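Student: Can you walk me through this model? Keep it short, please.
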Amino acid sequence: MVRTKKILSGFYNTIKPSLIAVAFGLLAGLIIMLIFNPGEAFQALFTLLIGGFNGGLTGIGNMLYQAAPIILTGLAVAFAFKTGLFNIGASGQMMMGAYVAIHIGVRMELPGGLHWIVAMILGMLAGGIWGLIPGLLKAISNVNEVIVSIMMNYIAGHWLIYLIRTNVFNGSYSRSLNILPSAQLPMLTSIFPGSTANIGILIAIGVAIIAHIIVHKTTLGYQLRASGFSMDGSKYAGMNTKANIITAMTISGLFAGLAGALAYLVVGKTIGTAFNIFPEGFDGISVALLGLGEPLGALFAGLFLSNIRMGGFYMQIYGFVPQIIDMIIAVIIYITAVSIALQAALRIYGDRFKAWFKNRKLKEDV
Amino acid sequence: MKYKVEMKHITKVFGTLVANDDVSIAIKPGEIYALLGENGAGKSTLMSILFGLYKPEAGEIFIDGKKVEIHNPNDSHKLGIGMVHQHFKLVETFTVLENIILGAEDTKKGFLQYDEAVAKLNHLIETYQLKVDLNALIKDITVGQQQRVEILKMLYRDSDILIFDEPTAVLTPQEIHELINIMNGFAKEGKTIILITHKLNEIKAVAHNCSVLRRGKLIGTVKVSDVTVEQMAEMMVGREVLFTIKKSPIKLGENIFKVENLNIEGKGKHLVKDISFEVNRGEIVGIAGIDGNGQTELIHALTGLMPFHSGKVTLGGADITKSSIRAKYEAGMSHIPEDRQKHGMILDFDLQSNLVLQNFYQSQFQKNGFLRFDAINENADTLIDRFDIRSEGGPKTVVRSMSGGNQQKAILGREMARDHDLLIAVQPTRGLDVGAIEYIHSQLLVEREHGKAILLVSLEIEEVMNLSDRILVMYEGEIVGELDPKQTTVNDLGLYMSGAKRGVVQHG
């Protein structure tokens, strides 16, 4: 009993920053709801929190389907973060993953059990290559990975349109062709009837666990974390810090590429040819922050985020127009992420600021 | 007898730590008063209270017999209290003059007025022999001169209670000698001087009275001329301290480490110039020099933390000039780095992870890429036991929360326990207290006994003199002398370090 209690309180202390952040986010959302519909704001907030569960098993199934890609982009950002890298290019990596998966799904003919697996793995690899590039540039010539990876989002965005138009174009709707049924991920409709739930969520959970094991149990994770905490220290230790950077960015890209494959290996899901950078990549940053940079944290944060997105859908019964709902959710995510970042900054810089302030006072007065 | 400064029953608590526990001191005008204690004994806290940085939970302060309330440094300044901090607080790109008047400038219609300040400063410089060029930029003058600027800052503000926090840490023996003269001059003028230090010889040389603090408590106040250095040390540490390092006769073994014609260029100059030397089994070779004369660059080049332009390095017969850092370790190099927090440790890792930093990939600590936590834990237990590494939570303690001394013991233990022929120890005792220093010195001598080759780099002259079998002196990137510590005086060494003297350096 005592032991369980201890573990629980330890767990609570770990996730406290996330809970505080979510509370702030919801508070901000509630304020906006009170502005637009004061009478029913509290019911609306409740509905938002219940999320996919409003819609029974169907709603839950759809929530899980939507959760898979953002869990994976969250893992991508969190994994890079463990090595001290900020992969802001999960969107681009996801786009390349999505394209390759669709291409294989449309153009290759393989038996049912194999087709989706091949499409998924190749899509994942495409994301890995897209992540490898900023990793290489950072390792070889110390180019900032933030700038490279964000620019590569734009390259991916435009290249994606070109690739769809030349290879898998559906001219009548100006979007990509439908994938073959054999390339579709196995559905979980028997459990979640009427939903788009597929095994993507199970894969995402599996990858989160694998990422957790890599980070915390392997020599690779040990090296990556060492580099993340202190480049100087890991260099002194004789680790190959350049290889660590390349490895971390590649694995990060693999996760994001997988997110793209999982999101689009569904019959009827296509990519339009208007320029658009996938928002899931940026959701990944929020998910990673809310998950405190931990793979398992990203898993829960992704589920939470997906759930309030679904909740937004059901909020329409209280007369909130979709744009307002989008805004409320954006505010919740934004405030949550900012709050996490602020708390972290406070922990790190709070003491330094105190010291600085003391020194400054000293200097003025002496 | 009237006291200049009296602090009565001062108690200061930080959380659960009692930094000052009912401490009372009394200092006469014209006296040089030393505060002695190990790191964390509470001497800096006590002075910070006098200086107005902290507010004590209990206690009273009297200046010139009058009870005073010091809430901030402004109050202390008005009472004539000045302080030279261990780390100087100077603006590098300002001139000496600008730094001194900073915060106390004379202005006329918004324009700075220098004339009066210059006149006053020239008078002070002459009176106290504090030679420094008022128009030089701080970054262009030596550390010793920077200290004089800090002293002038106090004098310019008419302070007559002068607090010096570890003032000799960065000075050469000659500069220390001058500083002592300056302090004596102040005392003759009737100024009151408080010297915070853990260096016993300095107290012996300059102070009249000395209060010893240990773990926040006042152990006692003694008249310096009545006690020996050993007695003061015992008061400070709480047990007898061995000052004479017992070195066994040298058992020179084969040559194991050889550096030939090493050069490093950078910032448009030679950082390290044509350095060659050897280290044999069973000897400690010390590298002495004032901070910033190329020692850091030399060691970084040898250990692989920094590239170098030309030269050849061999360890145990193998050419390791171009080897990776890991290959250097595998060839038999151990390295206690100069900056233990930047290089020696991953501060956010726990202790057990830090103790396998260089060999986590070897089969004893991993299997198929998975870390063997049982082995890592066992390794930590062994080292903690053998090297007396103290921490709150044993192997699982996050290193950042450990004391500097124990962090250093952990590094020392890790580097000594690893298979090696050569130990490069850079400033192994920097910032540590007497007890830890004594321990680390004894361990280095154990290494020597075991026939390891040891390269010791230190800014502490005593340390180099006491431990080394041979001393190489570096000045401006060159080795300017090779000395036998048994036939050299501290003063002589100081002359080499300051570039005033050069000797013959035999190669090989």
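Student: How many residues does the contact take from chain B and from chain A?
Tutor: It takes 30 residues from chain B and 21 residues from chain A. Two residues are in contact if their C-beta atoms, placed from the backbone, lie within 7 Å. This is a predicted model: local features need pLDDT of at least 70, side-chain atom pairs count only at pLDDT 80 or more, and totals for chains, interfaces and linings use all residues. Residues are numbered from 1 along each chain as its sequence is written, and chains are lettered from A and ligands numbered from 1 in the order in which they are written.

Student: New topic. What domains does chain B have?
Tutor: The assignment, automatic or from a database, gives domain 1 (5-237), domain 2 (243-332 + 420-508) and domain 3 (348-418).

Student: And how many residues do domains 2 and 3 of chain B put into their contact?
Tutor: Domain 2 gives 11 residues and domain 3 gives 9 residues. On the domain 2 side, the largest share, 4 residues, comes from helix α15 (residues 434-449) of chain B.

Student: Where is confidence lowest in chain A?
Tutor: In helix α13 (residues 322-365) of chain A, at a mean pLDDT of 70. pLDDT is the predictor's confidence in each residue, from 0 to 100. Helix α4 (residues 90-107) of chain A is highest, at 97.

Methods:
Helices (H or I, at least four residues) and strands (E, at least two) are DSSP runs, numbered from the N terminus.
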